Each structure stands twice: as structure tokens, then as C-alpha cells.
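Q: Could you walk me through this model, one feature after another? I would like the general idea and then the case at hand.

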Amino acid sequence: MQFTDFDPDTVCGAKPYHMTNFVSGEWKRSEKCIDVVDPTNGEAFLKMPNTTMEEAEEFITNLNSCPKSGLHNMYKNPEKYNMWGEITSKLAVELDKPEVFRFFARCIQRVAPKDYDQAMKEVMVTRAFIRNFCADQVRFLARSFNVSGDYMGQVSTGTRWPYGPVMVIAPFNFPLEIPVLQIMGALYMGNKVLLKCASMTSLIMQEWIKLMHYCGAPKNAIEMIHCSGCTMGAIVEKAQPRMLQFTGSSGVAEELSRITNGKIKIEDAGFDWKILGPDADDVEYKAWCADNDAYAFGGQKCSAQSILFMHEAYDKTDFLARFEHYAGTRSFEELSIPPVLSHTSADIKAHQDKLVAMGGKVVFGGKAVDGTAVPAKYGLYQPTLVEVPLEQALKPENFPVVTTEIFGPFCVLIRYKEGEIDKVIEMTERMNAHLTAAVVSNDINFVQYVLGHTVNGTTYAGARARTTGAPQNHWFGPAGDPRGAGIGTVEAIRLVWSCHREIISDFNIPKGWSVPARAVDPAKK
């Protein structure tokens, strides 16, 4: 492939690959680098730039050289809407090539180990998004609307306006899909982007930007920096971008919100719930879906099923046995039990012990996976389900522990009885992360009651409801937070990457115009 010199099938500790920053139109190494290890065996197989604040000055200067009006808008360089449509068309053609498609899937597997099915689906969703914005579709993102004025010649026009200099900070778990969808939306709307990805997976977007350049993307539109999180925090504070889009942990999101003075759009943690309603049928499908929602990619999805509320009607079925069966088919060898990149096995076990101590019990799993070369700093844990009694979970001293997100193959089970749905809804109301959710039922009255009393931004309803594996080109994002960032759709791009600007056209001065008389209070005549 002409756009890259990286081979995901041969890179290893004996043949490490040197990554580079992209700045001022060039790929550049930094003075120092750090090792990125292969999560499956601990080999230092990538050399990533360890960019310092001194080296980062070039990025800050370049970002702030972009005017607030952006690189293009509906009045300035509007031909660039069509330019990005053509670039996107070429990207779609490239992703249709089997060798390019596989290249990105294998790159994902090397830095964020998931089974090939999960890696392939990430590339598929990215490709589908790219297909949606080919040719004229970028131009339509800037569509405006008119409202008539008070007299002839006056028109009020609502427009979408870029922010200008913006940043994207992307997570490790979807190292292609999330940053591609966000940076492309930012570029379509006329912004100049500085991209920082999670260090362990930032190789992916380095290769994507190379493909963008191969397809004709201008080299002044986006820059990419590899650096530590602390350095990036200092860069954000000094550069003060007009807008920063962040996907990742809630703690980091709050700190970035502080240092940007709120100029941020957030897609943060998701402690996502699923409620199994009173119609306990189609158990095989629901058990398979629960396993996929909870344990695909080791639960390292912001949409993963973190807590499962199960109606007592399911006690008369073999749902839990089938759930355990599907979880038991996973293995490290297939990477369907992958390394957990943000928790150690000891971390997960400690959390499990806290739940058991409050009256909980391990339904299945509950142990680390041994006998591999996965580095100790990464977890490797069996798909685990821990049951906690509803009354215990509701206690103020227990609730924060029960609803702590473990970004790994870990799910909490809570049974509820007929008439206790309001207690379940109370739990959803007290949670802070409102990303995805599922109401698994064909009972329309039950479904509408739950939907009417909850808030999660992407909620599925019906017998096939899930928390993950969403259809492409739907809004994905949290609700209930004015800083919430969406992804995947026209509406998400317009909301996140542009602001509203109202332009009043008022050109026509009527013939014979004269200064109007001032109004006089009738009571003073």
C-alpha cells in the first residue's frame, strides 16, 4: 500500500516501528521517545514520540494561527465543502479495498487487542460513516435557514459556523472509529484540528492521517501530536482552543472542562444499564445479547452493559445458565478475552470483593486468567457476573460502589420483583453517567413507563434491545449534560463542530426615506 510503511503483521520487539508527529505539514520525530508495549506479550514494539512542552510550541502556534472564522465557512472558501466531499469519496474507495480494510483491522488488533470480528466491525462502521459524507453531503452540513424580516429587503439567516482552532482527545478503546468520526466532522465544518490519541493506540490515527493525505487532504487542516496526558493537559491550558472534544473518563473530562473554561464537548464514561422486563421469553437471544453487550472487547466499551436488572419472571427460565454458557465460550487465544488496558486483574478482584462483602455473590467468572505473557500492568479476567441484592444496592453507602464503572469484563446483576420497577428507576436516576441503556421488553406499557422516567442519550427498547453494537449512522452520545457530544450523524456533526450564527441581511433603503418621528408618551401630550 502506497500510503504507509507500517506492517502490522511483522512489527515486533525485534523490529520496532518509530512513530512520528505530524506538524507544519511534515512527519517529525521528537527528541525523545517512549516504548509502547504489545499488550499480548509485553514486547516494546513501537517507539512513540515523547513530545515535550518546548517541542509542543510549534503545535500551539500553528493551531492559534487559524482564525475564529475557521479555514472555511459559507462565505469564505466555500469550495472547500466540495473539496472535503471529494476527499471523502476517495477515502471510501480506499476502504473498499480488501487489503486496506484488513490493514486497519490488524492495526487495531495490535494495539487494542480484540478478536478479529470486533476489529473488523470497527472498520466497517468507520467505512459506512465515510460513505455517508461523500461528494455533496459535506456541503449540506452547512445548510442554513431563513426567516423573513420586518420589511422588504430584510432577511434573517441562521447559519452553522466553525469554531476555528479546535482539539480532539480520543480514547484507546475505539482507536479508529471514534477519532475518525470526530476529526472528519470537525474538518467538514471548517475547523483546524489538533489531534491527541491515547498513547497506547495512537499509531492507528497516524496511519489514517497518512491515508487522508494520500487521498488529497490539505496538510494544514490537521496536526497530530504524540505525548503524555500531563503534557497534553499543559498544551490545552496554554493553547486555549475555541472548542475541545473529549472522549474518555469522567475525571479527566471534568479537569479539561475546568481548564478550557467550559469550551468542551464530552462523551465520557458510561455505566450503562439494561432492564429485562416482565415478558421473559426469547431467552436464548437475550442471553446471547447480554454476553455480547457485557463482554465483547472485554467490556472495554463506553456502551458496555455494566448493570443488568432482571425481572423475577426470568427466575423460571434458564437465562442465567445460557448467559454463563455464552460467556464461557470466550478465550484469550481468540482475543475474545482480551487484555484489560485500564485495570489490573487485582483491581477487578478488589472491586468484586467489595460487592461480595455487601451481600453479593459471584454468579460466574470471578478469577484472573493465568498462564499468558500479558504484562502485569494489564488485567486479564474471566467474564464475570456478580449479583447484589436490590435493597443493598440502594443503600447510600453501597450505591457508589455498585455503580462504579469497571472498564473490563465485569457486570453487576440485580433482581427485582413485580412492583419494584420504581426502585430500579431510582437507581438509574441516581447514576451520573447517562450514555446508553436498554429496556428489553415487548410490553409497550412497561417500555414507555421506563423510557418516560429515564434519561440515557442512546436508549434501545424492545425484545432485541441492547447497549452495544448499534446501527451505523445513529446518534451516539450522552443526554442530560449540556456539554454532551454526539457522534455518527449529521446532527452530531452540526451540534459538536459548529455553532449557530445569525446573519441579518438588510440591504434595501427605500426611496424617499426620512428620519422617523420619535414616539411620544400619550400621557405627556
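This is a predicted model: local features need pLDDT of at least 70, side-chain atom pairs count only at pLDDT 80 or more; totals for chains, interfaces and linings use all residues.

A: Gladly, and let us begin with a charge over a ring: Arg 501 lies over the face of Trp 161, 4.4 Å from the ring centre. A charge sits over a ring if NZ of Lys or CZ of Arg is within 6 Å of the ring centre and within 35 degrees of the ring normal. Residues are numbered from 1 along each chain as its sequence is written, and side-chain values use heavy atoms, leaving out hydrogens and water.

Q: How many aromatic pairs does a search of the whole structure find, and how do I read one?

A: A pair of aromatic rings is described by the distance of the centres and the angle of the planes. Rings of Phe, Tyr and Trp (its six-membered ring) pair if their centres lie within 6.5 Å; planes under 30 degrees apart count as stacked, over 60 as edge-to-face and the rest as tilted. The search of the whole structure gives 18 aromatic pairs. One of them, Phe 133 with Tyr 188, is tilted, at 5.7 Å centre to centre and 40 degrees between the planes. This pair links distant parts of the chain, 55 residues apart: Phe 133 is in the loop between α4 (116-132) and α5 (137-141), and Tyr 188 is in helix α6 (residues 177-188). Helices here are DSSP runs of H or I with at least four residues, strands are runs of E with at least two, and both are numbered from the N terminus.

Q: Is Phe 133 buried or exposed?

A: Buried means under 20% relative accessible area, exposed over 50%, and partly exposed in between (1.4 Å probe, protein chains only). Phe 133 has 3% relative accessibility, so it counts as buried. Tyr 188 is buried too, at 0%. Now compare a stacked pair: the ring centres of Tyr 295 and Phe 323 are 5.8 Å apart, with planes at 25 degrees. Tyr 295 belongs to helix α10 (residues 283-295) and Phe 323 to helix α11 (residues 319-328), so the pair ties together parts 28 residues apart in sequence. Both Tyr 295 and Phe 323 are buried.

Q: Which residues touch the most other members of the largest nonpolar core?

A: A nonpolar core is a set of buried Ala, Val, Leu, Ile, Met, Phe, Trp, Tyr and Cys residues joined through side-chain atoms within 4.5 Å. The largest has 74 residues, and Met 184, Trp 208 and Met 212 touch the most other members. Trp 208 also belongs to an aromatic cluster, which includes Phe 3, Tyr 17 and Tyr 214. A second, separate core of 32 residues includes Ile 348 and Phe 410.

Q: What order do the strands of the open sheet have?

A: Strands of a sheet pair through backbone hydrogen bonds, either parallel or antiparallel. Two strands pair if DSSP finds at least two bridges between them. The open sheet has 7 strands in the order β15-β16-β17-β14-β13-β18-β19, with mixed pairing. Its edge strands, β15 (361-364) and β19 (458-461), each pair on one side only. Within the sheet, β16 (residues 384-387) and β17 (residues 410-416) run parallel, joined by 4 bridges, and Glu 387 stands opposite Leu 413 in β17.
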